[in-house]
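Trainee: I have a new structure open and would like to learn how to read it. Could you take me through a few of its features?

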Amino acid sequence: MIQPVTSSAQPRFSPDRAIEIQALSHTYNRGRLEVLKEINLNFGTGFFGLLGANGAGKSTLMRILCTILKPTQGVVRVHGHDVTKEILQVRALLGYLPQTFGAWRLHRTEEVLDTLARLSGMRDRAHRKARVEEVLEMVGLSDVADRKVKKLSGGMVRRLGVAQALVHEPQVIIVDEPTVGLDPEERMRFRQLMTRLGTDRTILQSTHIVADLGGGCQEIAILDEGQVVFQDSPSALLSEAEGTVFTATVEHRGAPLIEAAFEIVSRIPRGSEMQIRFVSDGNQALPDGAEQVDKPSLEEAYLAFMLKRGRAEAARENQETNPPAEQPKAA
Ligand SMILES: Nc1ncnc2c1ncn2[C@@H]1O[C@H](COP(=O)(O)OP(=O)(O)OP(=O)(O)O)[C@@H](O)[C@H]1O
Ligand SMILES: [Mg+2]
């Protein structure tokens, strides 16, 4: 009996390896600039964060995943398909929101999605129309389906970017720094959308802002100068920071001494005094009256982690300047 060929044509992959990266290195400028160094990473189903400072190599890694850039060395597979050898299969599985997404300004929102859906092979008009409506609903843009892209807010354009990455029902979505320029409310909506979408597919989002990932993110991979230095859950990053974050309330003139000795997270003026939150690497004596923070925020945990590596400056680049919410005092 003749066996069907379709099943044997599908490479096998395990669901916890929707994206598989093995010994990946990349150089630019004919080998003179090494930007990714022997990276090993796996991502399964869920919402994953790729965190790193400017120039860490995030966009390079994402462009390789999306088949736009051929890596210098290593193996990358998406659902078992090699990104350098099975480009069409990988592209069919993938949705990509590049770091700069702003074209189509004169088109209407639903028109953009309909055109992109048609280009990705969705020929049936009725099916396409239904899918475009569904995706607009998912990203909260149904009310502006008729509006031209140039009349959308920054947050709406980003959500349209996600919608275009989603329209052909990909199993893997790669979004590169999608929250740049968004206000805090739009950021929160975006984070919720990513968490929701991650329930039945793989979402990999890069950012240099820790707050973008939050608790809804399954795992965080930290990329520092082209190397993966951490991959675990947000709670594991938080546990690593326990005992390293403190608050002290001092008179204004006492603040510079603390600022010179520690990594400052926030300063909150309180009349003639200043409440300072800071991270300590344990090498200096704590200021008088300093109290340990029971539950550090994710931003503080990232700062503490990078401080241990002597890279605190890179971690604080472009972070949110809002002070973290006050922790309730233990009774
Ligand atoms: N096409 C290119 N040619 C040469 N160098 C490049 C190229 N693209 C990126 N680089 C360099 O590679 C390094 C990593 O860049 P990449 O864009 O991957 O970092 P990133 O983490 O995405 O940074 P950002 O947060 O600023 O977007 C940087 O030093 C960058 O200047
Ligand atoms: Mg980038």
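Mentor: Gladly! Keep in mind that this is a predicted model. Let's begin with a helix: the buried residues of H7 are Arg187, Phe190, Arg191, Leu193, Met194 and Leu197.

Trainee: What do the buried residues of H7 pack against?

Mentor: Their partners are strand E3 (46-51), helix H6 (154-166), strand E7 (172-176) and strand E8 (202-207). As for its length, H7 covers residues 184-197, and its 14 residues reach 20 Å from first C-alpha to last, close to the 20 Å expected at 1.5 Å a residue.

Trainee: Let me try another helix. Which residues of H8 are buried?

Mentor: In H8 (residues 234-241) they are Pro234, Leu237 and Ala241. Down the axis of H8 these fall within an arc of 60°, so here too the buried residues line one face of the helix. Ser235 and Ser239 are exposed on the face turned away from the buried side of H8.

Trainee: And what covers the buried residues of H8?

Mentor: The cover includes strand E9 (219-224), strand E10 (227-232), E11 and helix H10 (298-308). After H8 comes Gly243, with a positive phi near 85°.

Trainee: E11 is a strand, then. How should I read a sheet?

Mentor: Here is the general idea: strands of a sheet pair through backbone hydrogen bonds, either parallel or antiparallel. In this structure, an open sheet of four strands runs in the order E12-E13-E11-E14, with antiparallel pairing. Its edge strands are E12 (263-270) and E14 (291-292), each of which pairs on one side only.

Trainee: How many bridges join E11 and E13?

Mentor: Seven bridges link E11 (residues 245-251) and E13 (residues 273-279) in the antiparallel sense.

Trainee: Last, the ligand. How many residues surround ligand 1?

Mentor: There are 15, and the closest are Tyr28, Asn54, Lys58, Ser59 and Thr60. Strand E2 (33-43) and helix H2 (58-65) each supply at least two residues of this shell. H2 gives the most, with three residues.

Notes. Residues numbered from 1 in each chain as written. Chains lettered and ligands numbered in written order. Predicted model: local features only at pLDDT ≥ 70, side-chain atom pairs only at ≥ 80, totals over all residues. Expected span 1.5 Å × (residues − 1). Buried ≥ 20, exposed ≤ 12 C-beta atoms within 10 Å, placed from the backbone. Contact = placed C-beta atoms within 7 Å. Near = placed C-beta within 6 Å. Pairing = 2+ DSSP bridges. Arc of directions from axis to C-beta.
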